[in-house]
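Dear colleague,

Please find the sequence and structure below. My notes on the findings follow directly after.

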Amino acid sequence: MNHLDPGAERDAGPAETGRLREALAAAAYDVTPSRVPLAAVERRGRMIRRRRRTTVLGAGCAALLAPLAFVTLHGPDDGDRATRPAATVSASPAPSASPTVSAPTPRIVDPGERVTVAPGFVLWLTEEGKHWTTPDVPEEDQFRSVVDGNIDRTRPGVSLQIDGTDGRVLASGVYYGGEGTASVVEVASEDGPVRGKLLELPGRPGWGVWYAVAHSGVETVTVRDTEGRVYATLP
């Protein structure tokens, strides 16, 4: 390709100028352009896309970590900036009511079942009445009937028998005719009050046997029901 002096083109006439332009155009057509480096262009494009993706991911991570950074910087120790959650107050359980203690009831025994109420003193009941033995005469059965008509079982009443030995007094008897369920027996002795016990046959026969061990004479006997009311009394 020939290099023309620009100054010569300015001094040439119009005809010369036209010939120069035709020569330059012909020379340009003879130039073959080099191949486009496609592989390099593709690599460059991929590099640019990766950089953009990295930039986007970095921005997203920064957005996600921002609240965590805020919590870390303004944690629960920063009393001026963080609001502590209100404490949950659990209601205390209501105190349970004290269980009601049932009043005692007589011990239920089978007919003829022998009960040792004190050393040498044995009691048992049959449908006819009260039986017992004492340490002084253990082979002799003593008896008080509830069916011979000597007591009125339609009215409240208490009978009393006294047996004593070696400084002990076994007070016992039959109670009958009261309302409700017999529960306890209170014995007033010369030495003070004594609490006795009750025996009955199955099936609520309407009578039973009471007994108490004292150390002196007996003055009064009171049988109370499960409500604390007087079931029967002596005298």
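**Strand pairing and backbone geometry**

Trp132 stands opposite Gln142 in S5, where strands count as paired if DSSP finds at least two bridges between them. The model is a predicted one, in which local features need pLDDT of at least 70 and side-chain atom pairs count only at pLDDT 80 or more, while totals for chains, interfaces and linings use all residues. Residues are numbered from 1 along each chain as its sequence is written, and side-chain values use heavy atoms, with hydrogens and water left out.

Four bridges link S5 with strand S4 (residues 129-133) in an antiparallel pairing. Strands here are DSSP runs (E, at least two residues), numbered from the N terminus. Both strands belong to an open, antiparallel sheet of four strands, ordered S2-S3-S4-S5. Its edges are strand S2 (115-118) and strand S5 (142-145), each of which pairs on one side only. On average, neighbouring strands of this sheet are turned by 25° against each other, direction ignored; the axes are lines fitted to C-alpha atoms, and angles run from 0 to 180 degrees between N-to-C directions.

Most residues other than glycine have a negative phi, and most peptide bonds are trans. Arg204, a residue other than glycine, has a positive phi near 50°. Arg204 is located in the loop between strand S10 (192-200) and strand S11 (207-214). Because its relative accessibility is 61%, Arg204 counts as exposed (over 50% relative accessible area, 1.4 Å probe, protein chains only).

The peptide bond joining Leu234 and Pro235 is cis, with omega about 0°. Pro235 falls in the segment after strand S13 (230-234).

Yours sincerely

Technical notes:
Buried means under 20% relative accessible area, exposed over 50%, partly exposed in between (1.4 Å probe, protein chains only).
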